[in-house]
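Hello,

Here is the structure I said I would pass on to you. Have a look at it, and then read on for what turned up in it.

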Amino acid sequence: MNRTVLGAVGALLLAAAGLFWWQGRAAVESAAPPPPTLAEIPSEGDLEAIPTEDGAGLMGSDLPQVDEDTREERRFNRLDRNRDNLISRSEALQPRVAAFRKLDRDGNNLLSFEEWAVATSNRFKGADANGDASLTRAEFVTTRPKQTQRPDCRC
C-alpha cells in the first residue's frame, strides 16, 4: 500500500516538473538594450583599447593591505581585557595567577603568592613611568620578556 501511494506521489511530482519545464520559455526582456550601432563598434585604430586574450599590458588592482600587529601589540591586547588601551593593575595580575599555580607544582606553597605579587607589583610600578596606575602602550613595551638564545642544534 505504501509503495503504491509513494509511487503515485512521485509520478505526480515528475509530471508537474515536466509540465513546468515544458511551459517555461526563455522570455525576452521588454526593456533590453538595443544592439550596438555601427558607430559604437570600434574601428581598426581603436582596437588598442580592447584587451588581448593574453592580457598583455593590463594591470590588476593593488593587493589589500594587511594590518599586522607587532608582537608587543598582540601581547598588550591579550592583557587589555576591556579594550580601553590601558592595562590596569588587576588586568596585569589576572593571568599571573595561573603562572603561579604552574610554578608551585607540589602544592606546598613554598613560593608564596604574596612574594610573587610583590615582585609583579614592583615590575608594574617600574613600568608605570607616569604613576597613573595604568600602562600605556609605550610603557608596556618596557615589560617585554628577555629572549633567551637557543642553540642551533642539540649536540
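**The pocket and its lining**

Helix α5 contributes the most to the lining of the largest pocket, giving six residues. Before going further, please keep in mind that this is a predicted model.

The volume of this largest pocket is about 460 Å³. Its lining is made up of 21 residues, and those nearest its centre are Arg75, Leu79, Ala92, Pro95 and Arg96. At least two lining residues come from each of α2, α3 (89-93), α4 (96-103) and α5 (113-127).

Leu79 and Pro95 are 16 residues apart in sequence, and their C-alpha atoms are 7.9 Å apart in space.

Next, the charged side chains. Side chains of opposite charge can pair when their charged atoms come close. How many salt bridges does the structure hold? There are two of them.

One joins Glu72 to Arg75, with 2.7 Å between the closest N and O atoms. These two residues are three apart in helix α2, which means that about one helical turn separates them. Glu72 and Arg75 are both buried. Arg75 is also one of the residues nearest the centre of the largest pocket.

In the other salt bridge, the side chain of Glu72 meets that of Arg144, at 3.9 Å from N to O. Glu72 belongs to helix α2 while Arg144 lies in the segment after α6, so this pair ties together parts that are 72 residues apart in sequence.

**The aromatic pair**

A pair of aromatic rings is described by the distance of the centres and the angle of the planes. The count for this structure is one aromatic pair. Phe76 and Phe140 have ring centres 5.2 Å apart and planes at 80°, so the pair is edge-to-face; the cut-off for that label is an angle over 60 degrees.

Phe76 is buried, with a relative accessible area of 1%. Phe140 is buried too, and its relative accessible area is 3%.

Lastly, please turn to the start of the chain. Met1, Val5, Val9 and Leu13 make a nonpolar surface patch of about 440 Å². Val5 is placed in helix α1 (residues 2-23). With a relative accessibility of 42%, Val5 counts as partly exposed.

**Where to begin**

Best wishes

Definitions and conventions: Residues are numbered from 1 along each chain as its sequence is written. This is a predicted model: local features need pLDDT of at least 70, side-chain atom pairs count only at pLDDT 80 or more; totals for chains, interfaces and linings use all residues. Side-chain values use heavy atoms; hydrogens and water are left out. Rings of Phe, Tyr and Trp (its six-membered ring) pair if their centres lie within 6.5 Å; planes under 30 degrees apart count as stacked, over 60 as edge-to-face and the rest as tilted. Buried means under 20% relative accessible area, exposed over 50%, partly exposed in between (1.4 Å probe, protein chains only). Patches are made of residues with over 30% relative accessible area and no salt bridge: like charges are joined within 9 Å, nonpolar side chains (Val, Leu, Ile, Met, Phe, Trp, Tyr) within 5 Å. Accessible areas come from the Shrake-Rupley method with a 1.4 Å probe; for residues, only the protein chains shown count as cover. A salt bridge is a side-chain nitrogen of Lys or Arg within 4 Å of a carboxyl oxygen of Asp or Glu. Helices (H or I, at least four residues) and strands (E, at least two) are DSSP runs, numbered from the N terminus. On a 1 Å grid over the protein atoms alone, a cavity is a set of points where a 1.4 Å probe fits but cannot get out, and a pocket is an open set with protein on both sides within 12 Å along at least five of seven lines; lining residues have an atom within 4 Å of a point. Grid points are joined across faces, edges and corners, and a volume is the space filled by probe spheres set on the points.
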